[in-house]
Amino acid sequence: MELVLFTKPLTSLDFSTGCGHYEEENKLFLAMGTPRDWLEDGKTITVNKAATYFGYVNYKIHSRVSSGEIEAILDPPRRNPPEEIVLRLRHPEKKKIQSVTVNSISYQNYNADREVIYLTRLSDKVKIIAKY
C-alpha cells in the first residue's frame, strides 16, 4: 500500500497531511508527526515536491518491519541546502533503532529514543536504512 502525500508544491508549514514537516533555524525536520500505522509492514509513504525555505524536498519511506527495517530514499533540497535534516522513522510497534546505514555505510548520528536520524550537509539523493 502506498500513500502519496504531496503531488504539487505546498508550503513548508502545511500540516494538513499530519506528517509534520517544518523548519527551525537552518534545520529541516521531516516526517516528525507520521502516525505509526502509516509505517506498518509493506506500507510506503511518498512525499513529492514539498516546498520548504531550502527548496523542494522529495522522499519515500518504505516499511519492511517484518524484516526488521524501514528504508527511506531522500532527495534533499538543493536551492539553499539546510545544515541538517532530521528524519523521524516511527516503528509501528515502538521498537528502537538498533543501527542505521546511509548509502550502505554505517551511520552513527541518530537518536534511538527520539526515533530520529540527523543528516548533515546533504547535496545528493541518499538511501537510509534503519534496522530494528
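I take a polar contact to be a pair of N or O atoms within 3.5 Å; within protein, one must be able to donate a hydrogen and the other to accept it, and residues adjacent in sequence count only if both atoms are side-chain atoms. By that criterion I recorded that a polar atom of the Arg36 side chain lies 2.7 Å from the backbone oxygen of His91.

**Entry 1. Basis of the work**

I am working on a predicted model, in which local features need pLDDT of at least 70, side-chain atom pairs count only at pLDDT 80 or more, and totals for chains, interfaces and linings use all residues. Residues are numbered from 1 along each chain as its sequence is written, and side-chain values use heavy atoms, with hydrogens and water left out.

**Entry 2. The chain as a whole**

I looked up the secondary structure, where helices (H or I, at least four residues) and strands (E, at least two) are DSSP runs numbered from the N terminus. The protein chain has twelve strands and zero helices.

I then looked up burial, with buried meaning under 20% relative accessible area, exposed over 50%, and partly exposed in between (1.4 Å probe, protein chains only). Of the 132 residues in the protein chain, 48% are buried. The accessible surface of the protein chain is about 6900 Å², and carbon and sulfur atoms account for 47% of that surface. These areas come from the Shrake-Rupley method with a 1.4 Å probe; for residues, only the protein chains shown count as cover.

For contacts (heavy atoms within 4.5 Å), I considered pairs at least 6 apart in sequence in the protein chain: 59% of these contacts join residues at least 24 apart.

**Entry 3. Arg36 and its surroundings**

I located Arg36 in the loop between β3 (27-30) and β4 (44-52). Arg36 counts as buried because its relative accessibility is 18%. Leaving aside neighbours within four places in sequence, I found Arg36 in contact with Arg90, His91, Pro92, Lys94 and Glu115. With Glu115 there is a polar contact between the two side chains, at 2.9 Å.

**Entry 4. Salt bridges**

How many salt bridges does a search of the whole structure find? The search returned twelve, a salt bridge being a side-chain nitrogen of Lys or Arg within 4 Å of a carboxyl oxygen of Asp or Glu.

I examined the pair Glu115 and Arg36, whose closest N and O atoms are 2.9 Å apart. This pair links distant parts of the chain, 79 residues apart: Glu115 is in the loop between β10 and β11, and Arg36 is in the loop between β3 and β4. Glu115 and Arg36 are both buried.

Glu115 also forms a salt bridge with Arg88, at 3.2 Å from N to O. Here too distant parts of the chain are linked, since Arg88 belongs to strand β7 (residues 84-88) and Glu115 to the loop between β10 and β11, 27 residues apart. I noted a relative accessible area of 7% for Glu115, which is why Glu115 counts as buried.

Asp113 and Lys96 meet through their side chains in a further salt bridge (2.5 Å, N to O). Asp113 lies in the loop between β10 and β11 and Lys96 in the loop between β7 and β8, so this pair ties together parts 17 residues apart in sequence. Asp113 is exposed at 60% relative accessibility, whereas Lys96 is partly exposed at 44%.

I also recorded a network of salt bridges that links Arg64, Glu69, Glu71, Lys127 and Lys131.

Two strands pair if DSSP finds at least two bridges between them. I traced an open sheet of five strands with mixed pairing, in the order β2-β3-β7-β11-β10. At its edges stand β2 (22-24) and β10 (110-111), each with a single partner strand, so one side of each has no neighbour in the sheet. β10 pairs with β11 (residues 116-120) in the antiparallel sense over two bridges, and Asn111 stands opposite Val116 in β11.

β8 pairs antiparallel with β12 (residues 126-131) over four bridges, and Thr101 stands opposite Ile129 in β12. β8 also runs antiparallel to β9 (residues 105-107), joined by three bridges; the bridge partner of Thr101 in β9 is Ser106. In the hairpin of β8 and β9, two residues lie between the strands, and Asn103 takes a positive phi near 50°.
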